[in-house]
Amino acid sequence: MSEHVVIVGAGPAGLAAAEQALRAGARVTVLDQADAPGGQYHRMLPEAYAARHPDRVQHGWAEFDRRRRVLAHPRCRWWPGTTVWALDRTESGNPRLHLLRGQVDGSGRERLTLEPDALLLATGAHDRTLPFPGWELPGVYTAGAAQALAKGERVAIGRRVLVAGAGPFLLPVAESLLGAGAEVVAVLEANPLRTVRKGWSARPWRLAAHAGKAGELARYAVTLARHRVPYRLGRAVIEARGADSVREVVTAKVRPDWSVISGTERTYEVDAVCVGHGFVPQPELAVAAGCVLDDGFVRVDGEQRTTVDGVLAAGEITGIGGAITAAAEGAVAGCVAAGGNPDRSLLRARDRARTFAERLATAHPIGEAWPTWLRDDTIVCRCEETTYGELTRAADDPARPGSHALKLGTRAGLGPCQGRICGPTVSELLGGVERHHRPIAQPIRLGELATPARTEPKETPA
């Protein structure tokens, strides 16, 4: 049995992993940059709001409430506001985490190291937003940011909001915005009906295992109908316009490959738009640990072990599948990390959840023709203001062979976000740019780097 398991990430995967590791007898430390557990899915209002009915703005309240109690277990340490800025290995081969504890934008953060017996990465994913002309304007939000403000602060990003992109995540975003008082003018799914129907109708008898999702979908449909919000398939945002902020957006019908059908453009007057085209994993720590990636996701075996001894992974960094899939993978990983053998029920639950994730990917893919939305002056990397034209010209320049030269020549992906936002887009536009290992996975101040680290003693709370 692993005596001490460290879990990075307190979303559905991390919390489920902590629960199973504790059941197996391990001592657990759960780390997360956020101040509260739960991740995006279980985001809730701050306690200072004193909400009378937090369950009304909280997905899966009963499940979240149960897992929140896991963090109060006597063998569990919960460290919010903790950033893992680097990861290496000890002389004995165990993973070693370099941490900063304290607010990311605050001063006086404590620097220390942890050397667990097993490390479980559940770092999740963030929104993917495909660029389009005007997407850098104030008032254009990612779907996740819009939902975070609505669920976590009860703040609507605007009075008139358009929700667009791909995937079922658009529905809870629209619901959250309506609950925060915004007028949602429409919800636009870029994939046409036949694509969505093909993904969800294949082998329909297997949908019985996901009956809860059907009820959730029905609730969203009722909410949109009550507020008279149209839901359109096969239509995407192709431009945002405005001087100092977005004032209108241009949408158009698109083909299954997302190429624009000329003459179908329609303009909406809005003061905000939120767009989300699925999610991309956050595998920086897995890359630092030396884990092998497959198409950007961490490769794991049937028990959630990565290719590196002592390191496991679960949740969206192994494949985008939603909260239920993440939790099911986390449960298996937590049991294995603690030295246990996952029983058949855990493995079956994980495999059933993965079938849902496969349907999700089939029903809501990214159309390969989306770059046809772009103009020569469309900004692709917002940090460095690198345009689509600059990228394509650099790619055709024989003096800049290779991805490293392209990055240095265009600065794409080298700004403050370090490619977290534009990375997948740049890679796709340039035909594949590999992800490099960075010794420093998260920003750290020079003063913090110069401060000696305190080594956490091997003994953990009893």
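**View 1. Asp 377 pairs with Arg 375 in a salt bridge.** Their closest N and O atoms are 3.8 Å apart. A salt bridge here is a side-chain nitrogen of Lys or Arg within 4 Å of a carboxyl oxygen of Asp or Glu. Asp 377 is exposed, at 55% relative accessibility. Arg 375 is partly exposed, at 40%. (Buried means under 20% relative accessible area, exposed over 50%, and partly exposed in between, with a 1.4 Å probe and protein chains only.) Salt bridges with shared partners link Glu 239, Arg 241, Glu 248, Arg 375 and Asp 377 into one network.

This is a predicted model: local features need pLDDT of at least 70, side-chain atom pairs count only at pLDDT 80 or more, and totals for chains, interfaces and linings use all residues. Residues are numbered from 1 along each chain as its sequence is written, and side-chain values use heavy atoms, leaving out hydrogens and water.

**View 2. Asp 351 forms a salt bridge with Arg 350.** The closest N and O atoms lie 2.8 Å apart. Arg 350 is buried, with a relative accessible area of 4%. Asp 351 is partly exposed, at 38%.

View 3. Arg 23 is exposed, with a relative accessible area of 60%. Glu 19 is buried, at 10%.

**Overall count.** By the salt-bridge rule, the model has 21 salt bridges.
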